[in-house]
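Hello,

Here is the structure I promised to pass on. Please open it alongside this note, as my findings follow below.

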Amino acid sequence: MHFSNDASPCRLTSSQKRANQWRRWSEDIIPAMIVPYLSYIQETVSLRHANTPAIRHRTDGECGTGCRTRNIKVACVFFDAFEEIAIIACPCSPAPLQLLRRGLFPCAPLAPSLAVDLRLLEFVRLLFLRQSPNQTAWCDALETFLDGMKYKLRLKNSLRRRFSNAFHWYQVLTILAQNHISTLVVGSRTDGARVDQPSDYLRSRCPLCFRGNDWRNGARDSLPMPDVIVCIDTCFTQKRSANPRSAAGSNPPNPTPSFFLLTDDVKAMEDFVERCRRDRRQARTSRAEPDEDGYEEGMRIPVSVLNGCGDSFIAADEKWEKASTRFFTDTGLMALVCRHDRVLWIANLTSAGEKQHYALALLDRLFKHIPPQMTIGLLYDIGCQLERSCRKWNFMDDSILSRITFAVAVFHAYGHQWACQIVYHPRKCEGFGLSDGEGCERLWSFLKPLIPSLRVSGFNQRLFVLDTQIRHLDSKSLQGFGHWLHRRWIHCQSKKHDALDRLHALELDENALHVEWKAQVDHQTRPTPRQSRNKAVEVITIILALEKTLQAQEASIHELEMQLLGVRVPNIGEVNLQLVDVHSRYKKTADTLRRRRVALGTEDKVNLEKMKKDIYLTVRLNARAIKTRIRDRLRQRKFELERLERSYRATVNAERKLHANTQHSIKRREPGILKLITTYNGLCSQLRSLIQRQRAPPSAVPPHIILHDDVFQLNVDDDIWQDVGLDDDTLNPPAWLSDDTVRNGIRLQLEVDWCNEEEARLMRERAVIQEWMLAEWDSTQTALHTAVADPVMSFHLRSRADELVNICVIWKKKVQNILCAWPMTASWGPSDEALVQAAYNQARSSFRGEDDDESSEGDREGDCESDLEYGEIEDEELMDAIEEIALADEYRYGQNAEFTDDLDDLDDIGDDFMPSSPIKSLHKRRNI
């Protein structure tokens with residue numbers, strides 16, 4: 001068969017033809033096809049009875065109005081056939097509408113040469129929502145399949161080009177048709193007149209966050225919690241090439257709603273940020289930087305801590321290039337997601353780095369859609385830096401900033417300073433419960449299969465595909481809300497009861513623990529007294545460590561020389577190489593030590609001599625330096641582990657090239673880290689011995705040793721973060737510092753507190769989910785009564801009601817043991833008879849599945865292992881752990897090369913001469 005379109009009387013460029021065709025589809029054809037499409041779905045009972053001979057060969061007859069007609073031959077593609085039909089098109093009976101009434105969708109708006117069966121298009125649409133879309137492969141397989149049945153296509157790739165066009169506009173039609181039904185339901189609601197509610201857009205985005213009858217209901221008065229919790233994160237793997245093949249121009253936008261911010265809005269925010277920085281920078285030029293550490297206006301942690309966090313994260317450095325703008329026009333995505341992993345908005349990134357104006361544009365859009373009193377809890381990898389910038393450069397009014405509680409995502413918190421963690425970690429600050437802030441990471445994981453195809457797509461096509469996948473995610477999460485609440489409630493109750501049991505065993509007063517925790521926060525977030533003095537102490541500590549390193553290297557040189565002088569040397573060449581290497585490191589250490597000594601002032605030299613004579617002080621300073629070194633090494637290892645994991649999950653070959661080097665680097669670091677831990681624990685034992693022998697200051701507190709188990713996890717409650725007994729505050733230490741029982745009690749009390757917060761929020765969401773079902777059911781029934789005379793709309797509204805009944809059965813069963821935050825009626829909307837029938841249908845299909853499993857009992861042992869896809873991990877806990885280490889290139893190490901080189905010499909120190917050397921859900925889950 002030969003595809004051909006009539007030649008156009010005037011020659012147009014390909015871009016003009018594409019624009020004209022796009023305009024006809026968007027403005028004329030698709031709007032006119034919505035009602036006929038819905039009518040065909042009703043006539044064929046959701047395509048169940050499509051492609052019957054009566055429908056396939058249906059004709060509209062000749063036009064009786066005298067229109068100018070046109071004979072068109074159309075090749076029709078079905079699941080199992082390929083045939084050619086002839087139609088007579090005219091302005092009052094366009095070819096697309098005639099084909100649609102036959103169950104076909106055209107490839108062109110005026111004179112299509114190819115039409116595809118609606119059932120085939122629907123199958124492909126559902127397939128591409130669940131796997132990486134690849135129309136080329138699909139069309140090649142279909143063409144080969146039809147060729148095997150002797151259906152010949154004369155032109156190469158003719159099916160692919162026309163099928164792609166038909167498939168795209170079929171997706172647009174299904175989206176607009178669904179929106180048409182939703183509009184009827186929304187128009188029947190009675191709660192839309194209230195002006196103090198979130199916008200209709202937000203109420204449609206997440207029912208649990210924004211769809212309650214009154215967002216003020218709940219535990220807001222009893223617990224200091226934000227009304228809504230959202231998170232922001234960036235993905236730099238979702239890029240688009242600068243000159244993708246077949247997409248060099250800017251393809252026209254699609255007539256469907258999008259979750260993406262408008263480019264003009266993002267640009268306006270970028271200009272606003274630059275203007276604010278320029279104005280404030282000019283006003284601050286005359287101010288000198290203070291010598292003393294302190295607090296910036298509105299901030300709760302000192303400047304030195306904020307600077308440390310900024311140096312640790314690439315995301316905090318807007319000039320850091322994460323994607324090349326030379327090779328990529330669009331460099332990534334930034335998403336604003338609620339705590340239920342529902343996308344609120346997405347910004348398309350065009351800069352090389354993670355600019356703050358993208359996050360500000362997302363927040364600005366959010367605050368335009370919520371009531372003036374609603375508060376937001378924001379989880380962001382660099383939440384501390386974003387709040388600092390907003391206050392420093394006046395990016396937001398105080399009326400907006402006062403409604404935001406900033407925090408950092410749980411699994412990225414390890415890159416922050418400890419003083420920052422106790423203020424911004426969601427497990428330490430108030431209001432976040434068990435929210436982890438990693439919803440964006442789960443979104444990026446879901447969108448990962450799209451990376452190859454979207455890398456070479458057009459601009460608006462890329463946005464359209466991402467919007468389509470997000471709608472699919474919305475559908476899945478809506479059905480899973482009941483399971484989500486059930487799992488979160490069970491998890492919360494389990495953690496709460498375990499923490500309460502251990503807390504009661506300690507027999508400590510709850511109020512006293514809160515007082516001690518507040519005292520700890522106040523103490524550990526205070527500014528350092530004098531940065532210059534601390535810097536001098538740090539330099540003296542390094543000199544002491546380098547002296548011990550030099551002694552160790554001298555001992556190694558002497559040992560190797562003695563081996564060469566011995567009678568039997570196993571391998572003289574290897575020993576000589578080791579000797580040369582040790583001599584080289586010895587020279588490097590000696591040069592570094594000499595430079596450090598020359599840089600010391602007179603007072604520092606006197607302090608150095610005093611510290612050499614004070615054994616306790618020397619050991620303590622070295623122990624603290626080693627602990628700092630351990631923390632740095634653990635951060636580096638976790639960053640490298642994340643890169644290794646991303647190479648495992650990557651779909652781009654360039655990412656996998658890092659696998660070998662990263663794996664080797666991780667294994668190489670672990671023995672060094674464990675050696676440092678052993679050394680540190682030895683110093684702790686010496687400090688404890690000195691305290692027992694009264695060779696330490698009065699009230700000195702012995703530091704805690706570091707256990708090897710779980711040291712690589714970097715959890716927020718690990719002792720690795722605490723410098724107990726390693727600072728100068730050892731005179732009359734408070735209970736939170738010196739009493740292990742109180743310290744454990746504080747941890748358990750905080751765990752109980754955020755379990756209570758999570759419990760209160762889940763109870764509110766339990767009530768809201770029932771309110772949503774009641775409102776949705778009432779509006780659907782009202783719309784049904786209004787459309788009783790319209791059989792097409794009645795059919796689709798009844799289908800919508802059936803979907804609500806099936807969802808209600810699952811929700812009601814899963815949340816029946818969760819308490820409500822306020823009194824609710826027993827009804828969920830649907831009648832008891834409808835719920836019983838839906839539950840029976842679901843149970844019957846489940847029983848059939850079990851019968852099928854039992855019928856194949858003989859080969860069950862061999863089949864159950866093949867249920868998992870290749871490379872898929874079965875253990876849910878392992879999958880959770882993998883997701884938790886997704887750090888997205890945030891931590892940057894090696895900031896000070898000279899300091900790192902100096903400390904690298906300390907890795908050669910042995911243990912015998914110390915104490916003086918420094919250093920869910922939307923992931924995959926099983927069906928319940």
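Is phenylalanine 123 buried, partly exposed or exposed? Phenylalanine 123 is partly exposed, because its relative accessible area is 42%, which falls between the 20% limit for buried and the 50% limit for exposed. Keep in mind that this is a predicted model.

**Confidence**

The chain has a mean pLDDT of 79. Of its residues, 72% reach 70 or more. Two stretches need care. Residues 1–8 stay under 50, with 24 contacts beyond four places in sequence. Residues 847–928 are also below 50, and this stretch has 165 contacts beyond near neighbours in sequence. Where pLDDT is low, the predicted coordinates should not be read in detail.

**Aromatic pairs**

The count is 13 aromatic pairs. Here are two of them.

Tyrosine 37 pairs with tyrosine 170, edge-to-face.

Phenylalanine 79 is in the loop between strand S1 (70–77) and strand S2 (82–89), while phenylalanine 123 is in helix H4 (residues 118–130). The two are 44 residues apart, so the pair links distant parts of the chain. Phenylalanine 79 has 33% relative accessibility and therefore counts as partly exposed.

Ring pairs join Trp22, Trp25, Tyr37, Phe105, Trp169 and Tyr170.

**Charges over rings**

Two arginines are worth a look on screen. Arginine 300 has its charged end over the ring of tyrosine 424, 5.2 Å from the ring's centre. Arginine 427 lies over the face of tryptophan 754, and the distance to the ring centre is 5.0 Å.

**Helix H10**

Which residues of helix H10 (residues 303–312) are buried? They are Val305, Leu306, Gly308, Cys309, Gly310 and Ser312. Their cover includes helix H12 (383–393) and helix H14 (418–424).

Best wishes

Terms used: Residues are numbered from 1 along each chain as its sequence is written. This is a predicted model: local features need pLDDT of at least 70, side-chain atom pairs count only at pLDDT 80 or more; totals for chains, interfaces and linings use all residues. Side-chain values use heavy atoms; hydrogens and water are left out. Buried means under 20% relative accessible area, exposed over 50%, partly exposed in between (1.4 Å probe, protein chains only). Helices (H or I, at least four residues) and strands (E, at least two) are DSSP runs, numbered from the N terminus. Contact means heavy atoms within 4.5 Å. pLDDT is the predictor's confidence in each residue, from 0 to 100. Rings of Phe, Tyr and Trp (its six-membered ring) pair if their centres lie within 6.5 Å; planes under 30 degrees apart count as stacked, over 60 as edge-to-face and the rest as tilted. A charge sits over a ring if NZ of Lys or CZ of Arg is within 6 Å of the ring centre and within 35 degrees of the ring normal.
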